[in-house]
Amino acid sequence: MSLIRTGMNLSFSFLNKLALVSFPANELKQKHKVHDYSQLVCGSDYVFERLNEGTIGYMTGIGKGIKPCDRIILREGYESYQYQVEEVDYYSDPSDMWIALLKQLPID
């Protein structure tokens with residue numbers, strides 16, 4: 001009887017570990033958001049300072065929910081650019097104002 005119980009426990013343990021291995025990939029897809037700023041006006045709705053020929057930049061904006069690894073879409077003229085949030089810091093006052101270091105990505 002103990003051999004059967006041990007076998008069932010091992011199977012159950014294996015299935016639990018298998019679920020943990022596949023869960024983080026699904027979790028990553030759900031956690032990181034895309035924030036579309038392409039319809040907002042640079043200079044009045046947000047400020048974006050390009051560095052290193054536009055491959056990175058600093059952006060200051062208002063709103064909650066910006067996190068590292070999120071993506072931000074910006075528009076300059078007729079061109080859209082997608083950036084990944086590398087780092088973000090929220091101001092203490094106002095608490096919904098933030099500054100982020102962005103890294104340019106190819107548009108999907």
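Which residue stands opposite valine 88 in β6? In this predicted model, the residue that stands opposite valine 88 is alanine 100. The two strands concerned, β5 with residues 79-90 and β6 with residues 97-105, pair in the antiparallel sense over 8 bridges.

This pairing belongs to an open sheet of 6 strands, arranged in the order β1-β4-β5-β6-β3-β2, in which the pairing is mixed. The edges of the sheet are taken by β1 (34-36) and β2 (47-51), each of which has a single partner strand, so that one side of each is left without a neighbour in the sheet. On average, and with direction ignored, neighbouring strands of this sheet are turned by 30° against each other.

Side chains of opposite charge can pair when their charged atoms come close. The count of such contacts in the model comes to 1 salt bridge, in which the side chains of glutamate 76 and arginine 50 meet at 3.1 Å, N to O. The pair links distant parts of the chain, since glutamate 76 lies in strand β4 (residues 71-76) and arginine 50 in strand β2, 26 residues apart. Glutamate 76 has a relative accessibility of 47% and therefore counts as partly exposed, and arginine 50, with a relative accessible area of 33%, is likewise partly exposed.

Aromatic contacts were examined next. The structure holds 3 aromatic pairs; in one of them, the rings of tyrosine 37 and tyrosine 46 have their centres 5.8 Å apart and their planes at 85°, so the pair is edge-to-face. Tyrosine 37 counts as buried at 10% relative accessibility, and tyrosine 46 counts as buried at 4%. A further pair, formed by phenylalanine 48 and tyrosine 83, is tilted, with 5.1 Å from centre to centre and 55° between the planes. Because phenylalanine 48 lies in strand β2 and tyrosine 83 in strand β5, this pair ties together parts that are 35 residues apart in sequence. Both phenylalanine 48 and tyrosine 83 are buried. Ring pairs also link Tyr37, Tyr46 and Trp98 into a cluster.

On the surface, a nonpolar patch is formed by Tyr58, Tyr91 and Ile99, which together have about 250 Å² of accessible area. Of these residues, isoleucine 99 has its place in strand β6, and with a relative accessible area of 30% this residue is partly exposed.

Key: Residues numbered from 1 in each chain as written. Predicted model: local features only at pLDDT ≥ 70, side-chain atom pairs only at ≥ 80, totals over all residues. Heavy atoms only, no water. Pairing = 2+ DSSP bridges. Helix = DSSP H or I, 4+ residues; strand = E, 2+ residues; numbered from the N terminus. Axes fitted to C-alpha atoms, helices over the stretch in contact; angles between N-to-C directions. Salt bridge = Lys/Arg side-chain N within 4 Å of Asp/Glu carboxyl O. Buried < 20%, exposed > 50% of the residue type's maximum accessible area, 1.4 Å probe, protein only. Patch = residues over 30% accessible without salt bridge, like charges linked within 9 Å, V, L, I, M, F, W, Y side chains within 5 Å. Areas by Shrake-Rupley, 256 points an atom, 1.4 Å probe, with all protein chains shown as cover. Phe/Tyr/Trp six-rings, centres within 6.5 Å; stacked < 30°, edge-to-face > 60°.
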